[in-house]
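Colleague: I am new to this structure and would like a guided tour. Could you take me through it step by step?
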Amino acid sequence: MTVFTTMDELKRNRIMDLLQEGKRIDGRALDEYRSITIDTGVVPKANGSARVRLGDSEVICGIKIQPDRPFSDVGEKGIFICTAELLPLSHPTVETGPPNESVIELARVVDRGIRESHMIDLTQLVIKKDESVVGVFADNVVLDYDGNLFDACSYAATSAILTAQMPRWEYGDNGPELQEGLEPLPTTTLPVSVTMAKIGSHIIADPNSDEWDCMDARITITTNSEGNICALQKGGKGGFTVDELATCGEIAINSSNKIRDILQAVVPK
Amino acid sequence: MSEKRKHVIPGDVVTTGPYRADQNTVLDGRLIISTTVGVSEIADGAVRVIPLTGMYMPRIDDMVVGKVTTHTSLAWELDINSCYVGFLPATDVFGRDFSARSDELNTRLKRGDLVAARIANSDRSRDPLLTIVDRDLGKIDSGELIEISSSKIPRLIGKRGTMIQMIESQTDSMITVGQNGWVVASSEDSNGLIKAKKAIRMVERMAHMHNLTDKVRKMLEAEK
C-alpha cells in the first residue's frame, strides 16, 4: 500500500517466534479471519453503498450507475469499473495525490475478482447495442488501514453491488431517457476474495498490518459461489511452492464459504 | 469535575482571571483561550490545557522510545512518534574517536531497532537531538512495543510512579515508558506480558477516570 512503516525488529521476531508455535500475534488461528461487519446504504445519495470493517481496516464503497457509451469492441455489454483510494485519514504516512503502484494494484485486483467471476451480468445492462449501455462504477475509499485492504475493498464493493438499486433507461430520440422505478443489479454469483500471506514457511489468512509488513509473499484468490477460482494475484518478493499454492487454494475455498454467508446476509429478504 | 478542571475545545475561554497562559493556551486581551481539545487546569497562577489526544511534541530532557528508520554517515534518524524526526549522532554510540570513514553505523543500530533515548536539545525550528549517554538508555533488546497516546503517559506513570510500579509488580514485568507514547514491556512470563499489555491499554482507555490505579489493580488481581 502507500503505507510506509518501519517494522520494529522486536515485533518481527515475536511474529516469527509465535508462528513457529503455530500462533499469531493477535491470537488468531493461522487460517482465521478477523471479525467482518458490514453496513449497507451508508451513502444515501449513491445508488448503492457499504461500509466494511475487517478488524481495524475500514472501507466505504459507493456505487454510481449511469448511462454511458460502450467500449467500441464490446457494444453488447455494460460497463463495470472499480477504483480504490486511500484517504490521508487512514494512516499517518498516507498523503494526498495521484495513486501509486500499490493503490492501482489494489483497485485492479478488486476489479478483476468481481469482473472475472461475472458477478454482474453485463449483457443485461445494454440500453441500445453499440450506442448506449449502463455503467456501474464502484469507488472504494479506505478510511482506516490495518492490513489486507484487498479483501476489505472487495467485500465493500460486492456488498454495495448486492444492495444497489439501478434506475431504468429507454433509448429515445435524445439518447437514453430515464424511466420510473428502480431494480436491483442483475447478479449471477458472489465472488469472495481471500488474501493470504507467507511468512517464513507459514501461510496465514487475512494478515493484519504488522503481519503485512513482515511477509515474504502474498496471494489473493477469488472464488465464485460454486467454489471455482476465478481470479488470482500474487505479490511480494518471495515465492510459493506447488504444495503451498494447493494449501492456499484450500484455505481460500474454505474461508470463502463462511465469508459468503456474511456477505449474503446483507441482501434484503 | 471541579470548577478548576473542565473539558475544553479549541476557542473555549478557559478563564479571564489574572493568570499566565501556559501549555496549549493563548492570551487574547484578558481572555485565556484553549488551542486544543483537553482538560483545563489552573495551578500556581498558570492556566494549561492537558490535551486528550495528539502527537508528541519533543521537550528537552524527555525520555523517549525511538525506532531507527534510516541513517546517514553521521547520525541515525529515529521515528519518535512525532511530527519531528529524532537525530541520534554517531559520536554518541561510537565515542569521540568516531570516524565516518571507518565506522559503519549499521553494525551498532540498524533499521527497525528500538532505542531508549533522551532528548538532548530541541526547539521548534530544528529536529530534536537525541542522546543515549546515560543510565538505562540505549538499544532495547527484548520486549514488545505498545503504542499509546503521548497525552496518556502521565496517567500511565501515575503520581510518583505509583501506577507503573504497581503494573510492574503485579505482572512481573519490566516496562520502559517513553514520554512520546511508546512503551516497551518485557517479561520472562508470556502471561505476564499479556497482562501488562492489557493494563496499559486499560490506562489508555480510562485515563480520564478517578481512582484508576485501584481499578487497574483490581483488574489485574481478578486476572490471577
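Predicted model: local features only at pLDDT ≥ 70, side-chain atom pairs only at ≥ 80, totals over all residues.

Colleague: What are the dimensions of the box that the C-alpha atoms of chain A fill?
Modeller: Taken along the principal axes, the box is roughly 70 × 40 × 35 Å.

Colleague: And how many helices and strands does chain A have?
Modeller: Chain A has five helices and 12 strands.

Colleague: What percentage of the residues in chain A is buried?
Modeller: Of the 269 residues in chain A, 43% are buried. As for contacts in chain A between residues at least 6 apart in sequence, 70% of them link residues that are at least 24 apart.

Colleague: Let us turn to a sheet in chain A. In which order do the four strands of the open sheet run?
Modeller: The order is β10-β9-β11-β12 in chain A, with antiparallel pairing. At the edges are β10 (202-205) and β12 (229-235) of chain A, each of which pairs on one side only. From one strand to the next, the twist averages 20°.

Colleague: How many bridges join β9 and β10 of chain A?
Modeller: Strand β9 of chain A, residues 192-199, pairs with β10(A) over four bridges in the antiparallel sense. Within this part of the sheet, Lys198(A) has Ile203(A) of β10(A) as its bridge partner.

Colleague: Which helix packs on that sheet?
Modeller: That is α5 of chain A, residues 242-264, which touches β9, β10, β11 (217-223) and β12 of chain A. The direction of α5(A) makes about 140° with that of β9(A).

Colleague: Moving on to the two chains together, how many residues does each give to the contact?
Modeller: Chain A gives eight residues and chain B gives 11 residues.

Colleague: Now chain B. Which domains does the assignment give?
Modeller: The assignment for chain B lists domain 1 (6-51), domain 2 (63-139) and domain 3 (144-223).

Colleague: What distance separates the centres of domain 2 and domain 3 of chain B?
Modeller: Taken over C-alpha atoms, the centres of domain 2 and domain 3 of chain B are 26 Å apart. In the contact between these domains of chain B, eight residues of domain 2 meet nine residues of domain 3.

Colleague: Which elements give two or more residues to the domain 2 side of that contact?
Modeller: They are β8 (63-71) and β11 (114-121) of chain B. The largest share, three residues, comes from β8(B). This side of domain 2 of chain B has six nonpolar residues, two polar ones and no charged ones.

Colleague: One last topic: what is the strand order in the three-stranded open sheet of chain B?
Modeller: The strands follow the order β14-β16-β15 in chain B, and the pairing is antiparallel.

Colleague: Why is one side of β14 and of β15 in chain B left without a neighbour in the sheet?
Modeller: Because β14 (144-147) and β15 (174-177) of chain B stand at the edges, each has a single partner strand. Neighbouring strands of this sheet are turned by 25° against each other on average, direction ignored.

Colleague: How many bridges are there between β15 and β16 of chain B?
Modeller: There are four, formed in the antiparallel sense between β15(B) and β16 of chain B, residues 182-186. Here Met174(B) stands opposite Ser186(B) of β16(B).

Notes
Residues numbered from 1 in each chain as written. Chains lettered and ligands numbered in written order. Contact = placed C-beta atoms within 7 Å. Domains from an automatic or database assignment. Nonpolar A, V, L, I, M, F, W, Y, C, P; charged D, E, K, R; others polar. Pairing = 2+ DSSP bridges. Axes fitted to C-alpha atoms, helices over the stretch in contact; angles between N-to-C directions. Buried ≥ 20, exposed ≤ 12 C-beta atoms within 10 Å, placed from the backbone.
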